[in-house]
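Good morning, everyone. Please take a look at the model on the screen.

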Amino acid sequence: MPSLILEGGTLRPIFSAGVMDALLDEEMMFPYCIGVSAGISNGFSYISKQKRRNLEIVEQYRNDPRYIGYRNFLRHRSLFGLDFIFGEIPGQLIPFDMETFNSYEGKLLVGVTNALTGRPEYMDGLQIDEAMTMLRATCAIPMFFPAIEMNGAKYYDGGLTDPIPIRKAVEDGNEKHLIILTQPKGYVKTFSKQNAAVARLLRRKYPLLEEILLTRHERYNETVAYCERLEQEGQAIIIRPKVPLDSFEKNVGKLRDTCQHGYDLAMEHMKDIRKLFH
């Protein structure tokens, strides 16, 4: 069974949205989909077969202060308007097709980080609630989001502990993989002073997150290397952008071009992608 792996990156996964639009055009539904942060959030529109929905959202709302703006801290302690993004947009403005989503017969996993244990967990995306709580959790970048409560536990961004959840896909028995990364080939994540500062702020409340934040770059780089080994062994196809995109890009034209870039690269690789199913 082939898997679809989705990296996060705030607005960078608009590239991944383009790839998934190409998959929809080719009527290619992966039976196993796993990801973190905005990657898997965009993946939900793939599962609901709503081509261009992710692009339409950023085209209309990227520069709307209800989407990203400091006033959101007053209501949600978040840079992002949580109720706007996960409530008003899918519920009213650009409706999410829950009926088609619920007809998906595959496996959909949302990676999150347990704030207390510092361990990754994988939620069944098909059990999403009306508030889309697990998507709020997987996108919860510390300091930009509050910790999100689910089932009596607090969660942060799944990318902290498992930025590219390929090993979970392998562990679940998948033998072939389409891995969509959101950084160009050769990108190396470096130690972040911002992560160190966040670690200091959180270590009293969530002490096991400190080491996670301080070593995040090492885990990311090792995981990319593992993905590349799978590609060399013929077990994976990696699709990633040729040029970088800022995680908080404001230029809607650049976001649109990046989405098209993902679409075009997917189409170039479509013959090989089809082989993953055989």
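This is a predicted model: local features need pLDDT of at least 70, side-chain atom pairs count only at pLDDT 80 or more; totals for chains, interfaces and linings use all residues.

Residues are numbered from 1 along each chain as its sequence is written, and side-chain values use heavy atoms, with hydrogens and water left out.

Start with helix α1, residues 14–25. Helices here are DSSP runs of H or I, at least four residues, and strands are runs of E, at least two, numbered from the N terminus. Is α1 enclosed or open? Of its 12 residues, 11 are buried, so α1 is largely enclosed by the rest of the structure. Buried means under 20% relative accessible area, exposed means over 50%, and partly exposed is in between (1.4 Å probe, protein chains only). Among the buried ones are Phe 15, Met 20 and Asp 21.

Next, the pair. The axes of α3 (53–61) and α5 (82–93) come within 12 Å and cross at roughly 110°. Axes are lines fitted to C-alpha atoms, for helices over the stretch in contact, and angles run from 0 to 180 degrees between N-to-C directions. The two helices are therefore roughly perpendicular (65 to 115 degrees). Which residues of α3 meet α5? They are Arg 53, Ile 57 and Tyr 61. Contact means heavy atoms within 4.5 Å.

Last, phi. Most residues other than glycine have a negative phi. Arg 52 has a positive one, near 70°. Arg 52 sits in the loop between α2 and α3, partly exposed at 42%. Met 132 is also positive, near 55°. Met 132 lies in the loop between β4 and α7, buried at 8%.

Notes
Angles under 35 degrees count as roughly parallel, over 145 as roughly antiparallel, 65 to 115 as roughly perpendicular and the rest as oblique. The expected span of a helix is 1.5 Å times one less than its number of residues.
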